[in-house]
Amino acid sequence: MQHASRAVISNQTGPHEDVGRRVARALEHPLRKPLADHNRRAFEQADQWLQSQAAPLILDAGCGVGLSTRRLAQRFPEHAVIGVDRSADRLGRDHGAVPDNACLVRADLVDFWRLALDAGWAPQRHFLLYPNPYPKAAHLKMRWHGHPVLPALLALGGHLDLRSNWSIYVQEFAQAVAQVTGQSADIACHDPHDDYLTPFEAKYARSGQTLWRLTVALESR
Ligand SMILES: C[S@@+](CC[C@H](N)C(=O)[O-])C[C@H]1O[C@@H](n2cnc3c(N)ncnc32)[C@H](O)[C@@H]1O
């Protein structure tokens, strides 16, 4: 049984005033943090699997237990769906067989996105489903749009679908997308109609929270 979930509590009442500065810094100083060997190995395996599929890629970034990866693979049978999460515990939970056109990878996205970009990956769709909000104002740098990896994640291109139960996260992300790419993302309320893509989506929706969805068709760079 899932417990009711409380709405995000934050000391922010609107978008953080430092988003623009963080994004400018990420653009000026591309992330040079060394890549961890285990992330390289995980990426190489994923890359081999992707080549064996010879199908357009869908990336499910921060897939948690991988339910969304399985569902996306069923929804898009002509695509190869890769779910990435750093938590072995979450990935290891039993949520049924993984379809042939899906693959779950344990890796840190900060490395995985950069490796994917270097390898020329071009996901057709890229899902960021309910990323950790890090709602304290002091933690802006831990949100994906406040992190130096942001330009790499956006440079991968494709149709980006970001969902959150915190509207401020989505607004800030849209601001960052505009700053990096000059593109305007769409933001809308998201009603899953009881057809949940992820456990967090189910938990938030069943608790009566509003879900937010940002979409943008990123031009490849
Ligand atoms: C709030 S959970 C959402 C999981 C899933 N998308 C869902 O909606 O049920 C956020 C997930 O992002 C993963 N995550 C956070 N930072 C990550 C990173 N740097 N690399 C890979 N996964 C990360 C966490 O392990 C966690 O599973």
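**Exercises on the sheet and the cysteines**

Seven strands make up an open sheet with mixed pairing, in the order β3-β2-β1-β4-β5-β7-β6. The model is predicted: local features need pLDDT of at least 70, side-chain atom pairs count only at pLDDT 80 or more, and totals for chains, interfaces and linings use all residues. Residues are numbered from 1 along each chain as its sequence is written, and side-chain values use heavy atoms, without hydrogens and water.

**Exercise 1.** Find the edge strands of the sheet.

Step 1. Strands are DSSP runs (E, at least two residues), and helices likewise (H or I, at least four), numbered from the N terminus. Two strands pair if DSSP finds at least two bridges between them.

Step 2. β3 (102-106) and β6 (186-189) each pair on one side only, and these are the edge strands.

Step 3. From one strand to the next, the twist averages 15°; axes are lines fitted to C-alpha atoms, for helices over the stretch in contact, with angles from 0 to 180 degrees between N-to-C directions.

**Exercise 2.** Describe how β2 and β3 pair, and what lies across them.

Step 1. β2 (residues 80-85) pairs with β3 in the parallel sense, over five bridges.

Step 2. V84 is opposite V105 in β3.

Step 3. Helix α5 (residues 109-118) lies across β1 (57-61), β2, β3 and β4 (125-129), at about 160° to β1.

**Exercise 3.** Count the disulfides, then decide whether C103 is buried or exposed.

Step 1. With a disulfide taken as two cysteine sulfur atoms within 2.5 Å, the whole structure has zero.

Step 2. For C103, the nearest cysteine sulfur is that of C63, 9.8 Å away.

Step 3. Buried means under 20% relative accessible area, exposed over 50%, partly exposed in between (1.4 Å probe, protein chains only). C103 is buried because its relative accessibility is 14%; C189, at 53%, is exposed.

Methods
Contact = heavy atoms within 4.5 Å.
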